[in-house]
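Me: I would like to learn how to read the features of a structural model. Please take me through this one.

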Amino acid sequence: YQRRVHGGYVSVDSSFKIFGVSPGYHLLEFSVPGFTFQQVRVFVNKKDGSIDSYLLEPGTYDTALGYPIEVVPKEKASYFVAREEYGIGMILKNPMLLFMGVTFLMVFLIPKIADKEQMQEQMRQMQQQQGGTPSLTQLFSNMAEQQQQTRR
């Protein structure tokens, strides 16, 4: 397998010729700024110099082309990716906004939904479970009072 590149130029009437092509199978690619083309497989017969050409289509059998080979652009080449437009959907999909929204719901809506009597009962139970164990604020206030008394 040898890879040789042969080039040709398009004339005014849109025809082209490529000289010095050896017999066998060849892959013909077109390079035109602004357009994309499908590849063409060309077979040059060694005996009589006749040419068979096939349009290479991915996923299908090759489509036979006649001679002279006539090709049309597959699509207009797009070199730039369009920027995503700014919209409300972009803002709502932001993870930071979602976290803030969930926090907002938890802070403001859960106290309104929860039963106040049940919450007070749970607070009393927690205080009873702590029993005689003082809380951290109680410890600091006691220490502050003792320091004031020792200074006097």
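**Reading the model**

Reply: Ser-53 is found in strand E4 (residues 51-55); helices (H or I, at least four residues) and strands (E, at least two) are DSSP runs, numbered from the N terminus. This is a predicted model, in which local features need pLDDT of at least 70 and side-chain atom pairs count only at pLDDT 80 or more, while totals for chains, interfaces and linings use all residues. Residues are numbered from 1 along each chain as its sequence is written, and side-chain values use heavy atoms, with hydrogens and water left out.

Me: Is Ser-53 buried or exposed?

Reply: Buried means under 20% relative accessible area, exposed over 50%, and partly exposed in between (1.4 Å probe, protein chains only). Ser-53 has 3% relative accessibility and therefore counts as buried.

Me: Which residues does Ser-53 touch, leaving aside those up to four places away in sequence?

Reply: A contact means heavy atoms within 4.5 Å. With that exclusion, Ser-53 touches Val-40, Arg-41, Val-42, Thr-63, Ala-64, Leu-65, Gly-66 and Ile-69. Under the same exclusion of residues up to four places away, the contacts of Leu-55 include Gln-38, Gln-39, Val-40 and Asp-62.

Me: Which residues make up the largest nonpolar core?

Reply: A nonpolar core is a set of buried Ala, Val, Leu, Ile, Met, Phe, Trp, Tyr and Cys residues joined through side-chain atoms within 4.5 Å. Here the largest has 6 residues: Leu-28, Val-40, Val-42, Val-44, Leu-55 and Ile-69. Strand E3 (residues 40-44) gives the most to this core, with 3 residues.

Me: How many salt bridges are there?

Reply: Side chains of opposite charge can pair when their charged atoms come close. A salt bridge is a side-chain nitrogen of Lys or Arg within 4 Å of a carboxyl oxygen of Asp or Glu. By this rule the count is 1. The partners are Arg-124 and Glu-121, whose closest N and O atoms are 2.8 Å apart.

Me: Where do Arg-124 and Glu-121 lie along helix H3?

Reply: In helix H3 (residues 116-130), Arg-124 and Glu-121 are 3 residues apart, so about one helical turn separates them.

Me: What is the relative accessible area of Arg-124, and how does Glu-121 count?

Reply: Arg-124 has a relative accessible area of 44% and is partly exposed. Glu-121, at 36% relative accessibility, also counts as partly exposed.
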